[in-house]
Amino acid sequence: METYRRHKILPDPEIYVAEMRSGKAPAPKAAPAHQLSLPKKPPHPKGRLRMLDIVTDDGESKHDDLVREIDRLFRHYYTPVVFGARYRAPCPVWRSERIVLRKGELPRFATRVCIYQDHSIHPDGAGTTPEGRAPASHIDEIGGLLGFISLRPQDANASHQVAVAHLSCPSHMKRPRYHILSTALGPPDGVMTFRGTPYYQPWVSQDAAVRDRDAAPKDPNVPPNRAICLHASLYSALLLKSSTFHCSPISSHDLLARLWQEQNRHHGAISMKAIAVQGFNLEQCLDVLSSADANAGGCLETISTFEFFFEARDILEQRREMLRRAGPDGKEAPAEERLGLFRQEDSSAECARLLQDIGFQILKELGISPDSLQPTASDPAISPQERAAVLLQFCDVAEFTRLGANYDHVASELPGRPSSLELLKHVRNRRIRICRAYGRHPLFASLPDVQMLLAKREARLCMAEYLANGMPIIASISDRARDYTSQYSEGHSALIVGMHFQNPVPKPTPTPGYHAEEEWPYEKSDNFLPSSFILHDITQAPFWEVSAKNLLTASVYSKYEEDFQVLDGAFSYLAITPRGTRIGIRDVRRYADALRKIHLNPDNSGTFAEEYRKAFGLKETPSPATTCMRTRLMSTQDIIRWYIRPVTNQKEPGEEDLRLHTRGYAEACKLITSRPSAGSPPTATESPQTRWWCVECHSDAYRSSSFRDYATWMPPILVYCWPVDHDSSSALALPGSDPDRPGFTIRSTGRWECTIRRPNLPPVIFETRYVAPQDRASSSLPPS
Amino acid sequence: MSVRQSVDTSGFPGTSPPAAYLRATQVSVLTSWFEADLGEEPPVDSLPPSMFVPLREGISALDLYFLSHSEMGWFHDLCKDKFPTDFSTPPKCPTEFVASLQWKHLRYIANKLKQLFHSPQAEPRQGIVTWRPRIVALATFFPRISSIKVPPGTPYTIPQKHSFGPNQTVAVKALRRSLHLAYLLGARVVEIVGGAGVPRAAADPARPEDGGEDYVGRAEDYHTAHLRSLAHALVEAYIPSEIPETSEFYDIPFADLPPVAAELEPGISFLLDSLPRYQSLMRHYHEVCHALHPDHAATLADKLTLNLDLAHAFMLGYKVEHLRDNGIRVGHVHASDHAAGAGRGGSHASDLVPGKFHTYEEYHPWLQHVVHELSRVEVSRELEPPIKPPLFSGYIGIELEACNQVESLHSALSTLRRWVQQVKRETPDTESEHPDSGHGFADCARGFILTVDIGNSTTAALYKSGLAGARELGKVVNQVMATVYEKGGDIISFGGDGFIAFFETGNFTPSLCQDEGARIVTEVLESICKSWQPASSDLHLRVALHFGDVWFISQGTVRNQALSQDIVTSVRLCDDIKRTHQAKQEAIHPPAPDSDPPSRACTVVAATDQAYQQLDAIVKKRFTQEDSPVVLRDGTNTSRAIWIHQDCTTTPRRP
């Protein structure tokens with residue numbers, strides 16, 4: 001931090017005061033920055049919050065709330081922290097809050113506190129560094145910079161004293177399997193640069209209960225700001241992308257003010273109080289993003305299960321066919337699979353019979369007599385279905401027993417030494433999960449289940465694509481993310497700033513049992529789906545890691561029946577994109593998928609795919625089933641640099657100039673930089689800053705490890721490029737144009753040759769030397 | 001600093017007085033650069049670090065951020081020392097504190113600040129030729145000023161729902177006190193920031209006086225009402241409608257109070273958040289002026305100016321042309337940088353050193369506007385007085401809020417000074433319209449100018465006596481200069497055996513008294529004459545004394561300094577005045593209506609003629625005795641004024 005450097009180089013201005021008092025200059029302080037104005041104190045009893053006296057001048061009893069707040073901020077860091085320099089500094093959030101609050105008696109500036117890792121406290125004991133030696137000096141106690149926070153004045157009557165926290169991500173999230181969006185923090189605030197992710201906590205009056213449904217508001221006259229989570233997510237996202245997308249952050253108070261002005265303009269007089277109470281939704285959020293105040297853009301995408309009806313039906317049909325067929329050994333499929341089949345076909349009698357068979361089999365294994373399940377005198381008329389349900393319960397019990405056999409492992413996984421009550425609770429929750437898993441197990445899946453699975457997969461794919469392109473996502477989730485068993489469904493929002501890829505999960509085994517619901521029916525793409533997302537949630541903490549399954553389950557807004565059967569569901573999320581964006585990844589992926597099925601259909605373009613196979617020595621011809629798609633956000637210059645990469649011999653620098661004479665280079669550049677009008681040749685020129693969604697279709701061999709060395713040089717088979725301001729409604733107005741027609745298409749027709757096509761223009765063939773962007777840094781010349 | 005002077009140019013053929021001048025643009029520092037919890041207030045006999053540190057670093061022009069939260073206690077202690085009964089409880093809110101100050105408190109604060117500014121600790125005199133530190137602007141922030149309670153009987157109405165109780169009246173009172181303090185300190189402008197442009201989302205139960213503000217109405221109505229309310233507050237600050245509680249405040253005519261410079265603050269929540277809003281405020285202000293005080297409307301119109309913050313202009317996206325086209329007058333300029341711009345995004349976070357985010361090319365049109373247009377001083381025979389100083393304060397304030405870094409201050413200062421010099425060297429685009437704009441840059445100040453020259457020093461002291469003579473010469477010069485410093489003068493040019501000292505009226509309290517200033521300078525003269533006891537009888541002292549508007553050139557060549565050419569020029573001009581004054585007096589004073597167009601130097605002479613009369617009487621009264629050691633034997637007491645400008649490039653020959 002620059003503040004640290006400043007204190008080391010120059011005497012603190014307070015020295016001047018001391019000098020004036022005493023008449024002579026005091027001896028320069030040799031202590032490091034974090035001890036400039038404070039005596040060293042023994043470690044805080046809580047261990048992780050040492051030297052908090054820097055923040056709290058008046059004793060700690062009054063500042064328990066602040067202690068808890070900072071503790072919460074660093075909950076997911078798993079490291080003790082120490083406070084560095086503290087000084088007054090401007091804070092744009094507090095600037096706007098103070099002017100609206102009209103509290104002139106409060107200080108104009110916020111208090112900025114730098115926070116470092118504390119190396120003086122080791123988890124095992126006290127007073128040693130992680131290496132086991134005692135710190136040689138105070139500076140050894142200071143670890144890496146974790147960021148700085150801006151504190152509101154203590155008299156501000158706010159429930160959050162921390163206004164904005166500029167935090168670098170936890171160290172365990174710096175591993176390659178994590179992908180965390182970050183930005184260069186510091187220069188706008190006048191301090192030295194570091195990479196991190198901002199986290200914003202809006203001003204909330206202590207009298208207003210916001211997002212805390214258990215606590216009643218102290219004063220009913222003070223309205224709660226119901227959409228404060230969305231305000232925080234929006235501000236954090238804009239702060240995160242302000243330097244990249246050139247957008248301006250809007251704090252919560254500014255957001256309310258803008259909504260008030262907009263509502264006034266369009267819907268007449270309304271009070272600010274009503275604005276605060278009525279809340280804020282993603283559509284309004286998109287309007288604010290697109291406005292000149294924010295100068296950003298957004299894509300609000302909704303993925304409904306209805307869209308996957310036909311795909312799910314095809315999958316189930318295939319499954320049925322498979323189940324109806326006898327196996328190669330002449331035996332029929334196992335009872336569990338047939339149960340799934342019959343359940344899909346709603347044949348209750350068959351289901352009941354099969355369930356009985358399964359139940360009896362399990363009971364036999366467990367040594368339980370089926371007679372104990374006979375109808376009792378009080379309820380003699382038990383139906384076969386009910387009997388089956390009872391047996392199925394026993395099936396769950398058996399499964400539970402099987403898990404419970406590893407009880408010792410369960411106990412060791414639990415934090416601490418749990419009491420028996422906690423253990424029972426844990427076991428109960430686990431049992432509930434098992435039951436649910438049975439309800440949605442692929443073997444027992446019904447059509448809505450498969451639709452939901454496909455929708456979730458698509459949502460995960462799109463969200464992963466947005467994050468991979470550096471665009472944060474505001475997810476509309478419910479409280480069920482926090483409390484799975486709750487049916488409370490008040491809207492909630494959080495900002496997704498990262499994702500986590502874990503090891504590929506194993507393919508499902510044919511034996512019945514508990515499996516992750518996402519494992520089927522898309523085993524192929526699982527390796528590329530994030531297993532969890534990293535959230536900024538004001539009800540939790542920054543960098544909160546949530547499994548994708550839990551997050552998506554909580555994000556579904558739908559109606560549930562008593563048995564958790566989803567009638568219909570949809571996911572909504574808002575991605576923050578550059579200004580002017582009208583089309584999102586979901587749409588371009590859908591368009592590209594449809595085009596891919598046409599272009600790679602062996603009946604239509606067998607020669608084209610076959611040429612590609614021959615050029616790159618693939619074993620099989622690429623087809624829609626054996627290709628995958630990746631989406632990239634690129635500028636026109638990026639496209640020229642990456643896809644229309646000219647053939648050069650970089651070993652001889654003198655030949656660098658010859659690249660412009662590469663066959664087709666100039667024509668291809670001209671083709672994509674021209675802006676065609678409706679049905680006529682291009683007239684104007686595209687700005688180099690125009691951005692495009694580029695959907696690449698890669699062969700599956702690209703991902704195969706055996707082809708890895710070679711596939712580095714394998715260009716995508718097809719690249720569909722849509723301008724981000726592509727408007728499907730206006731495209732419809734053009735004569736002879738399709739809404740899903742891309743701006744241009746690049747086809748790889750040979751080893752170093754591509755064809756670029758643009759509507760209404762003749763195609764251009766050009767030479768290229770494509771290198772996958774992720775491999776470019778480490779790559780050298782390809783094998784000739 | 002190089003000073004050249006000329007007098008009535010009728011005696012010097014070949015020089016033509018200019019019709020307009022460009023006042024030199026200088027750079028000041030806003031004291032909000034330092035903000036910290038000191039734990040304990042600094043003692044009242046020394047300045048707070050925000051002022052002390054820049055002065056110690058040689059930065060002599062400050063924009064005082066009056067009553068920042070960290071310095072409110074210091075001002076309170078300062079007054080408590082003198083008036084213990086009036087300041088018993090420590091203040092909580094700056095607005096209420098400054099509103100509670102009385103005239104005697106303000107006067108005491110002003111005197112104490114001047115005294116501390118000129119104390120040896122704060123003013124280390126890093127060079128011989130330096131200006132005394134000064135406060136050029138007073139920065140304030142009274143957030144509730146935009147909503148005052150309009151008294152009944154006003155010719156216009158503000159809906160009752162926009163009136164929010166007594167706290168806004170306090171803010172107006174605080175602004176009035178700030179204007180008077182600025183007047184006492186000699187500051188040229190008082191900065192304000194517009195209040196809140198949106199209602200609060202929720203009323204604060206702890207502050208019932210703010211009312212349960214739940215405004216239901218159109219946003220434009222709200223803005224209009226608050227802008228009108230702000231306009232009313234500004235007029236009220238200059239000419240209060242209520243019965244004055246103390247009469248001292250009204251001894252000073254409101255026309256002498258400095259203007260208010262309103263700053264545009266980017267942000268949806270701020271009232272003055274765009275240039276159209278400021279234009280709307282101007283319209284409301286003029287309407288209120290004409291409605292309430294039609295007789296003083298013209299004078300009041302000059303009291304509202306724009307505080308042009310360049311970083312905010314980048315964020316809001318308006319251009320120089322918008323100011324020109326809409327007739328917006330600029331009173332003060334702030335220069336800093338934000339990592340944000342219109343269409344480029346970014347956050348309104350900390351102030352950065354200019355040039356960190358925006359380049360010189362982006363600052364250039366603004367600096368050109370400031371240096372070549374805002375600083376333009378017209379000299380007209382129709383006006384009375386003939387030179388009307390521009391509304392622009394002449395200073396570009398560096399605003400680095402709470403950066404707490406001295407090196408950032410120096411970085412910003414050097415950057416901005418370099419840029420200003422670069423712009424000064426350029427020829428403005430409007431050269432054809434202003435043929436005389438090449439006359440250079442000068443700054444005007446009113447006061448007494450004292451030219452001291454030790455004659456025959458080279459021959460008598462150096463050539464004959466060698467090292468001993470040099471020591472003696474140094475001793476004599478040191479004695480004379482110490483007297484000047486002691487009496488509150490500035491050495492604006494130094495030549496080894498002579499200097500030019502300037503006694504600015506603003507440095508004396510009360511600053512408006514010519515008689516008192518003349519008395520002080522006369523004391524200096526007496527003191528010099530008494531202390532003039534050179535060992536060598538060959539040395540003789542020549543002294544010239546003048547009063548009036550003096551123009552200083554802010555840049556000069558090292559050669560001129562080394563040869564003390566300006567001092568030699570000054571003394572020779574004084575000699576020449578003595579010979580030519582009698583013959584030319586009729587031609588220059590008063591100018592005949594049908595004569596040749598009067599020279600601009602001539603108008604200056606006329607403007608300072610009254611002062612000359614007073615000074616002449618004093619000098620004659622004191623130095624006419626035969627036995628007095630008056631060394632004014634060159635007769636420079638007959639001169640009337642000194643007109644210093646760059647145009648006098650040729651040193652008049654000694655006849």
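The model is predicted: local features need pLDDT of at least 70, side-chain atom pairs count only at pLDDT 80 or more, and totals for chains, interfaces and linings use all residues. Residues are numbered from 1 along each chain as its sequence is written, chains are lettered from A and ligands numbered from 1 in the order in which they are written, and side-chain values use heavy atoms, with hydrogens and water left out.

**Interface of chain A and chain B**

- The contact (heavy atoms within 4.5 Å) takes 60 residues from chain A and 69 residues from chain B.
- About 5700 Å² is buried between the two chains, 58% of it on carbon and sulfur atoms; buried area is the accessible area (1.4 Å probe) that two parts lose on being put together, summed over both.
- There are 18 residue pairs in polar contact across the interface, both residues at pLDDT 80 or more. A polar contact is a pair of N or O atoms within 3.5 Å; within protein, one must be able to donate a hydrogen and the other to accept it, and residues adjacent in sequence count only if both atoms are side-chain atoms.
- On the side of chain A that touches chain B, α6(A) gives the most, with eight residues; helices (H or I, at least four residues) and strands (E, at least two) are DSSP runs, numbered from the N terminus.
- β9(A) pairs with strand β6 (residues 216-217) of chain B in the antiparallel sense over two bridges, where pairing requires that DSSP finds at least two bridges between the strands.
- In β6(B), V216(B) is the bridge partner of S271(A).

**Salt bridges between the chains**

- Five salt bridges are counted between chain A and chain B, each a side-chain nitrogen of Lys or Arg within 4 Å of a carboxyl oxygen of Asp or Glu.
- R95(A) forms a salt bridge with E401(B), with the closest N and O atoms 3.9 Å apart.

**Salt bridges over the whole structure**

- The search over all chains finds 28 salt bridges.
- R632(A) and E696(A) form a salt bridge, their closest N and O atoms being 2.8 Å apart. This pair links distant parts of the chain, 64 residues apart: R632(A) is in strand β17 (residues 627-635) and E696(A) in strand β20 (residues 691-699) of chain A.
- R632(A) is buried at a relative accessible area of 17%, and E696(A) is buried at 0%; buried means under 20% relative accessible area, exposed over 50%, partly exposed in between (1.4 Å probe, protein chains only).
- R596(A) and D593(A) meet in a salt bridge at 2.6 Å, N to O, and both lie in helix α17 (residues 585-599) of chain A, three residues apart.
- In chain B, R277(B) and D273(B) meet in a salt bridge at 3.0 Å, N to O, and both are buried.
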